[in-house]
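Biologist: Hi, I'm new to this one. Could you walk me through it?
Modeller: Happy to, here it is.

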Amino acid sequence: MNKIKIALLGLGNVGKGVWEIFKNNTDEIIRRSASELEISKILVKDVNKDRGIDVPKEILTENIDDILNDDSIQIIVELMGGVDPASDYVVRAIKNKKHVVTANKQMIATQGKELLDLAKKEGVLLYYEGSVAGGIPILKGIEESLTANKIEEIVGIINGTTNYILTKMSLENMDFETALKEAQEKGYAEADPTSDIESYDAVYKLAILTSLSFGINVNVNDIYREGISKITSHDIQNAKEFGYTIKLLAIAKEKNDSLELRVHPTMIPLTHPLSNVNDSFNAILIKGNAVGDLMFYGRGAGSLPTGSAVAGDIISIVRNDMTLRSIALADNPDLQKRVLSREEFTSRYYLRLKVKDVSGVLGQISNILGKNDVSISSFIQKGQKDENNLVSIVFITHDTLEGNIMKSIEELKTLDVVDKIKNLIRVEKFI
Ligand code: HSE
């Protein structure tokens with residue numbers, strides 16, 4: 001039987017998952033790859049660290065050259081995360097004619113095109129299913145099963161940590177810090193939780209999804225990004241009263257050859273299936289012009305789910321070795337699509353303000369909104385006035401351009417009766 005040696009770069013959460021899957025599913029892996037796959041070396045920072053897993057010490061190494069210069073190793077599995085030194089190791093592996101599997105969303109989102117071009121030139125494969133939405137087979141889903149479609153829209157919950165936090169805040173009235181700590185203990189969060197909380201993680205994933213679905217290379221800096229740290233219990237409570245819940249959504253919509261790309265907390269109707277995607281689960285809605293609406297749901301983070309995607313990629317490489325066909329990112333250099341600026345987004349908006357409780361306030365506010373072509377759909381005044389004679393008021397608008405909202409906010413800030421604009425949250429109505 002064909003014998004293939006594999007090396008892992010990194011033995012953290014996902015690396016351990018891959019090791020477990022190879023150990024527990026040996027028969028399935030042999031049958032489906034028609035090969036004996038052996039993890040023969042693993043790069044770690046400290047060979048003496050106790051990892052709570054029965055990996056033989058003699059296959060651990062602290063020296064990348066032990067792996068890159070070993071001609072018997074055919075597949076490198078990069079699970080270190082971050083760009084430096086991961087991308088250097090991947091480039092060297094490709095140049096040494098080794099196939100590569102990675103779950104590194106930052107590296108693929110920022111350098112994926114160059115790495116794929118290099119892999120093609122060197123005659124090796126590069127697979128990265130685990131980089132987006134953990135165990136959900138979304139990249140192969142788009143690239144293979146949906147390949148005959150023109151993708152029109154993607155709306156996803158693609159960060160498990162923030163979904164866990166928002167779920168706990170919403171359903172258990174937990175505070176932000178406690179929920180984040182729990183997410184970290186469960187191994188969902190990145191080493192630095194800023195990447196999850198401030199939505200960089202979701203932006204990288206959306207860039208990869210956009211590239212695959214719309215055929216263009218996206219600069220991650222062109223994707224509008226907001227994190228969840230400004231969401232308060234007031235907003236969560238108000239959302240419930242309006243019939244919504246708050247989720248961190250990654251959105252890509254094609255509009256007349258332009259793309260609207262944004263990641264931000266969003267109010268979605270409690271009746272929509274995405275509102276029931278809770279805890280660390282991910283879900284991605286895709287609208288294709290032939291298939292219609294599809295929803296992918298599953299675990300987007302964690303050792304075994306992401307390990308499942310990575311191990312699947314290893315088997316895909318063994319099967320596809322002869323075809324030399326990786327999952328292609330943007331592959332049409334002539335295709336240009338403009339990424340819309342924030343002012344050009346269209347949405348409904350939730351606006352929470354602290355205002356003086358005096359006569360004529362609503363008139364002044366609605367005057368500014370009306371002048372900027374912002375039409376109000378719902379309004380509530382919240383609670384009693386505080387010791388400074390201030391009250392909270394909340395509006396939800398009809399669809400409008402974000403530029404109109406931004407102009408309105410600037411003008412509202414100048415009103416003597418407006419103490420503070422407390423929050424602005426987009427509302428997705430899904431039609
Ligand atoms: N930190 C990520 C998440 C893990 O919470 O979804 C996988 O990218």
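Biologist: Is Lys255 buried, partly exposed or exposed?
Modeller: Lys255 is partly exposed, with a relative accessible area of 27%. Here buried means under 20% relative accessible area, exposed over 50%, and partly exposed in between, using a 1.4 Å probe and protein chains only. This is a predicted model, where local features need pLDDT of at least 70 and side-chain atom pairs count only at pLDDT 80 or more, while totals for chains, interfaces and linings use all residues. Residues are numbered from 1 along each chain as its sequence is written, and side-chain values use heavy atoms, with hydrogens and water left out.

Biologist: Which residue does Lys255 form a salt bridge with?
Modeller: Glu260, and their closest N and O atoms are 2.8 Å apart. A salt bridge here is a side-chain nitrogen of Lys or Arg within 4 Å of a carboxyl oxygen of Asp or Glu. Glu260 is buried, at 0% relative accessible area.

Biologist: How many salt bridges are there by that rule?
Modeller: The count comes to 31. One of them pairs Glu344 with Arg338, with 2.7 Å between the closest N and O atoms. Glu344 is partly exposed at 28%, and Arg338 is partly exposed at 46%.

Biologist: And which residues do shared partners join into one network?
Modeller: Lys253, Lys255, Glu260, Arg262 and Glu428 are linked that way by salt bridges.

Biologist: What about Lys181 and Glu185, where do they lie?
Modeller: Both are in helix α8 (residues 176–185), four residues apart, which is about one turn of the helix. Helices (H or I, at least four residues) and strands (E, at least two) are DSSP runs, numbered from the N terminus. The two side chains meet in a salt bridge, 3.3 Å from N to O. Lys181 is exposed at 51%, and Glu185 is exposed at 58%.

Biologist: Switching topic: which residues of helix α11 are buried?
Modeller: In α11 (residues 233–242), they are Asp235, Ile236, Asn238, Ala239 and Phe242. Seen down the axis of α11, the buried residues fall within an arc of 165°, so they line one face of the helix. That arc is taken from the directions from the helix axis to the C-beta atoms. Just after α11, Gly243 takes a positive phi of about 90°.

Biologist: What is phi for Asp373?
Modeller: Near 65°, a positive value in a residue other than glycine. Asp373 sits in the loop between α13 (361–371) and β15 (376–382), and is exposed at 59% relative accessibility.

Biologist: Last one: which residues does a cis peptide bond join?
Modeller: Asp84 and Pro85, with omega about 10°. Pro85 is in the loop between β4 (73–78) and α4 (86–95).
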